[in-house]
Amino acid sequence: MTTSDAPSLKLKPRLPVSADQVQAIIRRIYPQASLLGITELHGGEISTVLEIALADARPCILKVYPESLQWKMAKEVYVLGLLRNLGPAIPKILLADDTRSVIELNYVLMTKLEGVVLGRRAATLSETELFAIYAEMGATLRRINDVMLDSFGYIGPNGVWTAHPSNQAYMSAQFDRKLREFLTRGGDPALAARLRDSVTARQQLFEAAITPRLCHYDFHAGNVLVTSQGAPRLTGIVDFENATSGDPLMDIAKALYYFTPKDAPKRDGLLAGCGQMGRPDWQETLGLYRLYCTLELWCWMAQIGKREALADLTSELANGV
């Protein structure tokens, strides 16, 4: 299959849910509550996310999954269950329904967290405030990473989908899979061979991660909620659809991926909040995970048809080997 043959994935799907259907869903949890309004939220690249305002109950969030990704509902329930000890910073599942008795899709109804998306406040914050909030984020990410699992691998609806006995085995399989996709979607075969050789030469860095740990793997300002006024304080973490069981350094590398040199307060704050890495080669390991993030993003952009982004990503891949 060439790139032109590969179908593009539709992002931010508008899944039809009527007011009557929302009311029927709400009444399963709040029998006396009446619907005041429905607001479609930004974010949720592969799901429809609605904020539900109620007259006689606290607002809540309805997340509806497209037909091709119905299993994501069970994954969200599973991962949030692992994080129940994080308290109010994590949404609470009120209802998870895969019966399709109300709507023809799987959905979850969850509590609405307080605060606003950090990405909407970041431009107004001082460097000191940015350092502080990212340090708080780093400490929270460390708490997420404290959750231990039984094996390395991508998390599916009931735990790790394809279990790997070691991080080295998992990441080798991931690089191999993404390099195959890179070639399928029109990537340069010579660059793919260089990438494969470079990863093989550095695979000992993966071996330092002994215990599989929960990774959010999409930890950025769009998935973090903070107080709306004054010095920002973290109020919530959302969107665990990409969660995996792996090396916390991979989680950190993904969180740092989109930072530019002018984002030094964010980077420094996040690393300060994460604390001691406990690994002598942690910076080199972050670089290797960054290479994987770039390869993954290249494949994603190709999958959704954003060909204009591929040239810069190809250059970044070439510079990373």
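**View 1. Arg-100 counts as partly exposed, with a relative accessibility of 27%.** Relative accessible area is computed with a 1.4 Å probe and protein chains only, where buried means under 20%, exposed means over 50%, and partly exposed lies in between. The structure is a predicted model, in which local features need pLDDT of at least 70 and side-chain atom pairs count only at pLDDT 80 or more, whereas totals for chains, interfaces and linings use all residues. Residues are numbered from 1 along each chain as its sequence is written, and side-chain values use heavy atoms, with hydrogens and water left out. Arg-100 forms a salt bridge with Glu-67, and the closest N and O atoms are 3.1 Å apart. This pair links distant parts of the chain, 33 residues apart, with Glu-67 in the loop between strand 3 and helix 2 and Arg-100 in the loop between strand 4 (93–97) and strand 5 (107–111). A salt bridge here is a side-chain nitrogen of Lys or Arg within 4 Å of a carboxyl oxygen of Asp or Glu, and helices (H or I, at least four residues) and strands (E, at least two) are DSSP runs numbered from the N terminus.

**View 2. Lys-63 and Glu-76 meet through their side chains in a salt bridge, with an N to O distance of 3.1 Å.** Because Lys-63 belongs to strand 3 (residues 60–64) and Glu-76 to helix 2 (residues 72–82), the pair ties together parts that are 13 residues apart in sequence. Lys-63 counts as buried at 5% relative accessibility, and Glu-76 likewise counts as buried at 3%. These two residues also belong to a network of salt bridges that links Lys-63, Glu-76, Asp-239 and Glu-241.

**View 3. Within helix 5 (residues 167–184), Asp-176 and Arg-180 lie 4 residues apart, about one turn of the helix.** Their side chains meet in a salt bridge, at 2.2 Å from N to O. Asp-176 counts as partly exposed at 28% relative accessibility, as does Arg-180 at 46%.

View 4. Buried residues make up 50% of its 321 residues, and the C-alpha trace spans about 65 × 50 × 40 Å along its principal axes. Of the contacts (heavy atoms within 4.5 Å) between residues at least 6 apart in sequence, 69% join residues at least 24 apart. The salt-bridge count comes to 14.
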